[in-house]
Amino acid sequence: MGAPLEQSIHRDPALFYWILFPISIVMILTGVLRHYATVLLQTTPKKLDLPAQREQHSLRRGINLRNNASAISPSAFGARKNYMISAYKEGSFLKDPESRGKAAPNPMTDPAAMEGMMGMMKGNMAMMVPQTLIMGWINAFFAGYVIMKLPFPLTLRFKSMLQSGVATRDLDVRWVSSLSWYFLNLFGLQSVFIFILGNDNAANQMAQQMSQMNPGAGASMLQPGQDPDKVFQSEAENLEVLEHEYILKGVEDRLLSSI
C-alpha cells in the first residue's frame with residue numbers, strides 16, 4: 001500500500017514576503033505603540049488617606065487570619081478571632097463611623113470610582129481602535145490568501161482556527177490563511193513584547209483582557225459602591241463559623257512514631 005499523497009498548492013513566493021512579514025511587523029509595531037499610548041493615558045493613582053488604608057488593611061487582616069488559621073496555635077487564633085470579630089461588629093475599623101447604617105453612596109458620585117472607570121475606558125480604546133483598523137486593513141487587502149503551510153500534522157479541530165476566511169472543505173488543515181495568521185500574532189507575540197518592552201508591558205492583548213476581567217485584584221479590598229460595614233459583618237460571620245484545626249497538634253507523637 002502506497003503512502004498517501006501530500007497536498008500541494010502552487011503559490012506565488014512573494015505572498016510570503018508581502019503578506020506574512022507585513023502582518024507580523026504591523027502587529028509588533030502596533031503592540032509597541034499601544035504600550036506607550038497606555039502609559040501616556042494612565043493617571044497616577046491617588047494615595048488613600050490613613051483611615052481608608054486602615055479600613056482596607058483590617059479587612060485583609062481578617063481574610064488572612066481565616067486562610068492561615070491552621071498555622072497558629074488555638075490560643076493565638078482564639079485571641080485574634082475574638083478581637084477581630086468584636087472590632088468588626090463595633091465598626092472600629094470604619095473610616096467614617098458616622099455613616100454606619102446609612103445607604104451606600106452612589107459610585108457614580110465617587111471621584112475615585114469615576115477615575116477608575118475613565119482609566120478602563122482609555123485602556124479599551126487603546127486596545128480596540130488599533131485592532132479594528134488592522135482587521136479592516138487585512139480584510140481589504142489580504143482576505144482569502146493562503147500564505148504558509150505548517151511543517152507538522154494537525155487534527156481537523158484546528159481547521160477553523162487556521163483557515164479563517166478560506167471556505168475550502170478539502171484544504172489540508174496545515175495551511176494557514178492570512179486572517180488566521182493575524183489572530184495567531186494577536187495572541188502569540190507575548191514573548192516578543194517581553195523581549196522588547198520587558199515583563200511589565202501593556203502591549204499584550206491577553207494580559208489586558210485579564211486585567212479588565214479582574215480589575216480589582218491586589219488594588220482594593222472594597223469595590224466602589226460596597227458598604228464597608230456589611231463587608232465587615234460578613235467577615236465577622238465567616239470567622240465565627242470557622243473551625244480551627246492546628247496542623248502542629250500532636251506533631252511530637254507523629255514524629256516519634258515515624259522513627
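Residues are numbered from 1 along each chain as its sequence is written. In this predicted model, local features need pLDDT of at least 70 and side-chain atom pairs count only at pLDDT 80 or more, whereas totals for chains, interfaces and linings use all residues; side-chain values use heavy atoms, with hydrogens and water left out.

View 1. Helices are DSSP runs (H or I, at least four residues), numbered from the N terminus. Asp229 has 12% relative accessibility and therefore counts as buried (buried: under 20% relative accessible area; exposed: over 50%; partly exposed: in between; 1.4 Å probe, protein chains only). Apart from neighbours within four places in sequence, Asp229 contacts Tyr88, Leu94 and Arg100 (contact: heavy atoms within 4.5 Å).

**View 2. The salt bridge between Glu235 and Arg66.** A salt bridge places a side-chain nitrogen of Lys or Arg within 4 Å of a carboxyl oxygen of Asp or Glu; by this rule the count is 2. Between the side chains of Glu235 and Arg66, the N to O distance is 2.6 Å. Glu235 belongs to helix H9 and Arg66 to helix H2 (residues 50–67), so the pair ties together parts 169 residues apart in sequence. Glu235 is buried at 5% relative accessibility, while Arg66 is partly exposed at 26%.

**View 3. The salt bridge between Lys89 and Glu240.** The closest N and O atoms of Lys89 and Glu240 are 2.5 Å apart. This pair links distant parts of the chain, with Lys89 in helix H3 (residues 74–90) and Glu240 in helix H9, 151 residues apart. Lys89 is partly exposed at 40% relative accessibility, and Glu240 is partly exposed with a relative accessible area of 37%.

Definitions and conventions:
Helices (H or I, at least four residues) and strands (E, at least two) are DSSP runs, numbered from the N terminus.
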